[in-house]
Amino acid sequence: MRARTRAEDRAACSFCPKLCRHACPAAQAEASEAATPTFKQQVALRALERGEALDTGQARVLYKCTDCRGTVDACRHRISVAESLREARALAVQRGVAPREVHELARRVREHGSPYARDLEAVARGVAPEAHARRGALGVFPACAELARAPEDLARALALLRAAGAAPSLASPGRCCGYPLDAAGLREDFERHAAGTAHALAAFDEVLATGPSCAYTLAVRYRELGLRPPGRVLPLVVRLAAAADRWRGLAPAEAWSRRAAYHDPCFLARRLGRLREPRELLSAATGRPPLELAYREAETRCSGGGGVYPLTHPAAAARCGAAVLELAREAEADVLVTACPAARWRLARARRPGDPEVRSLVSVLAERTGLASPD
Ligand code: SF4
């Protein structure tokens, strides 16, 4: 059967009575018609297919999306709204009507190599000066969110990999994978940036990305662009999970006293399909399977961190994180563990009094095995 075009997807959504709005984190967080997939797709269709004018207000509607693909399972046509909106965002950028935050993002990445106005290569070198390399069999590519917000997790990841018998190098070329540019519709910036990052990582046989969206961007989006991606790209948790027996042997015999729930990051669960590995790791570290949230695995709820949503809609993005924390409270967890540096940061920022603590998977693993300092 012929695959539907994006234009056909937009037309289908435009006539849909908003059947997937319950699964769209932006629609839920904003509680507005403008944030529903149907409305966003109507704006995209009018601009892309009908050639109608796109003003700054309409363009901002296109950014009411966390790029989580959360509505795909809820749609009988399995339409992915995020990919459609990315095309429409590119048009908004081209016409100069994209939100000013998007142009500011482009400037920051051009100047600093990532969305953070900091020298992240220096941060990485500070974490593990001895591991820094330009080539090698196994390179660890740190997410820019991790370097900016929790560089100690990178040190933990390297220590854990060494304990698992690997000899990782730090593949941190001072530039991110470019995911925020891609998500924002900054097509030319993304292509230029991705070419530079692909070149910088080309001499590694295998790259472990600490961020799920980085793993997806390096492995899938680079290939779609026609770039030669680095050798084999995997999310860090996959390599760590291969040593689950070792972690089980190093962790104390008695189960962790804390009640840990696991939050599936959207990119890891939905795009990369990695559901088993993080649970296996958490079980090995804590001595029992994690508590499960009411929405989990492919139905996971977004922390609000993707699609540059926190940049253009910070208050609503925080409400997405708060909704995930609410699920953790309902599960009676006192720790919420996630395997995405960006999600960890978003969830930690959204915490209110009484909410569970938010921890990264590597920090729990490091604490329980005694291989690196805990939080
Ligand atoms: S993605 Fe599917 S369910 Fe959602 S608005 Fe489009 S057609 Fe409707």
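Me: A residue is buried if 20 or more other C-beta atoms lie within 10 Å of its own. This is a predicted model. Why does Asp153 count as buried here?

Reply: The cut-off is 20 or more. Asp153 has 26 C-beta neighbours inside 10 Å, so it counts as buried. Asp153 is found in helix H9.

Me: What does Asp153 touch, leaving out residues up to four places away in sequence?

Reply: The contacts are Glu146, Pro341, Ser360, Val362 and Ser363. Contact here needs C-beta atoms within 7 Å. Ala31 is another matter: Asp153 and Ala31 lie 122 residues apart in sequence and 35 Å apart in space, C-alpha to C-alpha.

Me: Why is Val364 called buried?

Reply: Again the cut-off is 20 or more. Val364 has 24 other C-beta atoms within 10 Å, so it is buried. Val364 sits in helix H20, residues 361-369.

Me: Which residues does Val364 touch, not counting those up to four places away in sequence?

Reply: Val364 touches Ala260, Leu282, Ala285, Thr286, Val337 and Arg359. As for Glu206, 158 residues of sequence and 25 Å of space, C-alpha to C-alpha, separate it from Val364.

Me: Is Arg69 buried or exposed? And Arg78, buried or exposed?

Reply: Take Arg69 first. It has 22 other C-beta atoms within 10 Å, so it is buried. Now Arg78. Exposed means 12 or fewer. Arg78 has 12 other C-beta atoms within 10 Å, so it is exposed. Arg69 lies in the loop between helix H4 (56-61) and H5. Arg78 lies in the loop between H4 and H5 too.

Me: What makes the phi of Arg69 worth a remark?

Reply: Most residues other than glycine have a negative phi. Arg69 has a positive phi, near 60 degrees, and is a residue other than glycine. The phi of Arg78 is positive as well, near 55 degrees. Glu332, which follows H18, also has a positive phi, near 60 degrees.

Me: How do you know that the span of H18 is close to the expected one?

Reply: The expected span is 1.5 Å times one less than the number of residues. H18 covers residues 314-330, which is 17 residues, and the expected value is 24 Å. From first C-alpha to last, H18 reaches 25 Å, close to that value. H3 can be checked by the same rule. It has 12 residues, reaches 16 Å and is expected to span 16 Å.

Me: Which residues of H18 are buried, and what covers them?

Reply: The buried ones are Ala316, Ala317, Cys320, Gly321, Val324, Leu325 and Ala328. Their cover includes helix H2 (25-30), strand S5 (260-263), helix H17 (309-312), strand S7 (335-338) and helix H19 (341-350).

Me: Which residues of H3 are buried, and what covers them?

Reply: H3 has Pro37, Thr38, Lys40, Gln41, Val43, Ala44, Leu45 and Ala47 as its buried residues. H1, H4 and H5 are among the elements that cover them.

Me: Which residues come nearest to the ligand?

Reply: Around the ligand there are 13 residues, and Cys13, Cys16, Cys20, Cys75 and Ile79 come nearest. Helix H1 (6-14) and helix H3 (37-48) are the elements that give two or more residues to this shell. H3 gives the most, with three residues.

Me: How many residues of the shell around the ligand are nonpolar, polar or charged?

Reply: Nine are nonpolar, four are polar and none is charged. Cys counts as nonpolar in this scheme.

Me: What makes up the largest nonpolar core?

Reply: It has 119 residues. Those with the most contacts inside it are Leu62, Val207, Ala209, Leu218, Leu281, Leu361 and Leu365. Helix H5 (residues 81-94) gives the most to this core, with seven residues. Leaving aside neighbours within four places in sequence, Val207 is in contact with Gly139, Phe141, Ala171, Leu201, Leu218, Pro230, Gly231 and Val233.

Me: Where do the domains of the chain lie?

Reply: The domain assignment gives domain 1 (6-98), domain 2 (102-240) and domain 3 (251-369). The contact between domain 2 and domain 3 takes 25 residues from each of them. On the side of domain 2 that touches domain 3, H9 has the largest share, five residues. By class, that side has 18 nonpolar, three polar and four charged residues.

Key:
Residues numbered from 1 in each chain as written. Predicted model: local features only at pLDDT ≥ 70, side-chain atom pairs only at ≥ 80, totals over all residues. Near = placed C-beta within 6 Å. Helix = DSSP H or I, 4+ residues; strand = E, 2+ residues; numbered from the N terminus. Contact = placed C-beta atoms within 7 Å. Core = buried A, V, L, I, M, F, W, Y, C linked by C-beta atoms within 7 Å. Domains from an automatic or database assignment.
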